[in-house]
Amino acid sequence: MSSLAHKRILLGVSGGIAAYKSADLVRRLQDRGATVRVVMTAGAQEFVKPLTFQALSGNPVHTDLLDPAAEAAMGHIELAKWADAILIAPASASVMARLAAGMADDLLSTLCLASEAPLVLAPAMNQAMWLHPATQANTQTLLSRNVTLLGPDAGSQACGDVGPGRMLEPLDIVEGLIDAIAPEQMLEGKKVTITAGPTREALDPVRYLSNHSSGKMGFAIAAAAARAGAEVTLIAGPVRLATPAGVHRVDVVSTDEMLAAAEQAADDCDLFIAAAAVVDFRPKVVADQKIKKEDGNDSDVLSLVKNPDIVATIAGRTSKRPFVVGFAAETEKVAEHAKGKLARKNLDMIVANDVSDPEGGFNSDRNQVVVIDRDGEQPLPAALKTELATQLVALIAARAFPDT
Ligand code: C5P
């Protein structure tokens with residue numbers, strides 16, 4: 001397997017203890033056929049010596065923007081043009097901030113600005129730095145510019161903290177890079193519709209019923225399907241997420257709006273994936289004015305009616321029926337309940353996850369699922385939602401379109 005054969009990868013290493021893992025990353029990239037050149041920031045050189053990377057990559061390491069000797073050998077613009085992809089691992093909070101701001105104050109940031117190659121980051125930092133609103137905002141800016149983020153993973157950190165911010169392991173970074181720059185086109189020519197996020201049902205002009213769905217899983221699947229070559233329509237409830245590259249997004253609020261958008265998209269669609277957390281009930285009547293507690297509204301204020309089941313409606317079609325995949329978030333007897341839903345809703349496949357498990361669930365970046373169809377069950381190990389999405393898309397594509 002050499003899916004990076006003939007690829008020229010510019011590996012940027014920035015300051016962080018995870019820089020020691022990047023030495024191994026050079027080797028793992030070469031194992032898959034890549035030619036690697038390394039750029040180190042000043043911070044990175046405090047952790048690992050350039051000589052280590054020079055010996056491993058077989059190429060001189062680039063460290064300075066204004067070094068005449070280095071510029072004479074291979075100027076920074078030449079280096080920017082040389083790269084088929086730029087991978088920064090570890091990507092520190094500072095590097096992410098400078099890239100988001102479009103700065104060019106050292107060699108690595110200048111190369112990123114001067115290059116048209118895909119940019120892939122493996123962030124690594126203290127968990128508080130990762131969770132800081134500034135870093136989160138920078139992340140969204142970078143994602144909206146089609147930068148790929150691999151990780152970070154969660155767990156114990158070198159500083160003693162526990163939380164998100166660990167750099168992914170080198171092998172996972174290599175897989176993520178391949179998926180970002182040279183993915184298998186398993187869904188080429190296929191039209192895929194995905195529902196994601198919550199729906200929201202108005203009670204009155206100021207209040208609504210909804211749930212805690214973040215939309216992360218559905219958005220990750222949309223991104224993975226697009227990378228696999230599909231033409232993707234993403235029907236999104238109210239979420240704060242950037243639209244993945246190459247995806248057509250339709251924003252909706254209520255369940256009825258999501259159903260209408262789904263019906264329209266499904267008319268011309270090969271695969272329908274329902275990852276949305278649809279609100280099951282809505283108020284019988286939406287009040288024109290704010291409901292007042294003073295107006296004798298002491299109890300039984302709301303009367304609810306059942307919402308339409310979007311995925312069951314699509315799966316129940318007798319014509320223009322795509323391959324239909326549902327999700328089942330369960331807290332007990334996960335496989336049993338999911339199998340019931342598969343049959344009841346006439347789905348082709350269902351992705352079941354245990355939301356009581358701290359490893360997964362609504363707002364988490366990670367998830368652990370079992371994929372069930374009429375032929376059996378396949379558990380997928382706990383992983384970041386972004387990685388899980390890639391595996392799920394591969395599995396769904398193989399079942400939905402076995403002959404392509
Ligand atoms: O809520 P429930 O567990 O039944 O959801 C299972 C699947 O059905 C999910 O894929 C969800 O997106 C879909 N669903 C839907 N419309 C609803 C309720 C659920 O499409 N009204």
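Q: Where does K333 lie?
A: In this predicted model, K333 sits in the loop that links β16 to α14 (334-344).

Q: Why is K333 called exposed?
A: The relative accessible area of K333 is 51%, and the cut-off for exposed is over 50%. K333 therefore counts as exposed.

Q: What separates the C-alpha atoms of K333 and A230?
A: A distance of 34 Å lies between the two C-alpha atoms, and the residues are 103 places apart along the chain.

Q: What makes E330 buried?
A: E330 has a relative accessible area of 9%. Buried means under 20%, so E330 falls in that class. E330 belongs to strand β16, which covers residues 323-330.

Q: Which side chain does E330 join in a polar contact?
A: The side chain of H337 is the partner, at 3.5 Å. A polar contact needs N or O atoms within 3.5 Å. Beyond its neighbours within four places in sequence, E330 touches H337, A338, K341, N353, D354, V355 and S356.

Q: Why does N307 count as buried?
A: Its relative accessibility is 10%, and the limit for buried is under 20%. N307 is therefore buried, although it lies in a loop, the one between β15 (304-306) and α13 (310-315).

Q: What does the side chain of N307 make a polar contact with?
A: The partner is the side chain of R282, at 2.5 Å.

Q: What makes α1 roughly parallel to α3?
A: The axes of α1 (residues 19-31) and α3 (residues 50-57) come within 10 Å and cross at roughly 10°. Angles under 35 degrees count as roughly parallel, so the pair is given that description. On the α1 side the contact is made by A19, S22, A23, V26, R27 and Q30, and on the α3 side by T52, F53, L56 and S57. By class, these residues divide into five nonpolar, four polar and one charged.

Q: Why is helix α7 described as largely enclosed by the rest of the structure?
A: Six of the eight residues in α7 (residues 107-114) are buried, so the helix is largely enclosed. The buried residues are L107, L108, S109, T110, L111 and C112. They pack against β1 (8-13), β2 (35-40), α5 (76-82), β3 (85-91), α6 (93-101) and β4 (119-123).

Q: Which residues of α6 are buried?
A: A93, V95, M96, R98, L99 and A100 are the buried residues of α6. Their packing partners are β3, α7, β4, α8 (127-131), α9 (133-144) and β5 (148-149). Just after α6, G102 takes a positive phi of about 75°.

Q: What makes C112 buried?
A: C112 has 14% relative accessibility. Against the cut-off of under 20%, C112 therefore counts as buried.

Q: Why does C269 count as buried?
A: The value for C269 is 12% relative accessibility. That is also to be set against under 20%, so C269 counts as buried.

Q: What does the count of disulfides come to?
A: The count is zero. The rule asks for a pair of cysteine sulfur atoms within 2.5 Å. A disulfide is a covalent bond joining the sulfur atoms of two cysteines.

How values were computed:
Residues numbered from 1 in each chain as written. Predicted model: local features only at pLDDT ≥ 70, side-chain atom pairs only at ≥ 80, totals over all residues. Heavy atoms only, no water. Buried < 20%, exposed > 50% of the residue type's maximum accessible area, 1.4 Å probe, protein only. Helix = DSSP H or I, 4+ residues; strand = E, 2+ residues; numbered from the N terminus. Polar contact = N/O pair within 3.5 Å; in protein donor to acceptor, adjacent residues only side chain to side chain. Contact = heavy atoms within 4.5 Å. Axes fitted to C-alpha atoms, helices over the stretch in contact; angles between N-to-C directions. Parallel < 35°, antiparallel > 145°, perpendicular 65-115°, else oblique. Nonpolar A, V, L, I, M, F, W, Y, C, P; charged D, E, K, R; others polar.
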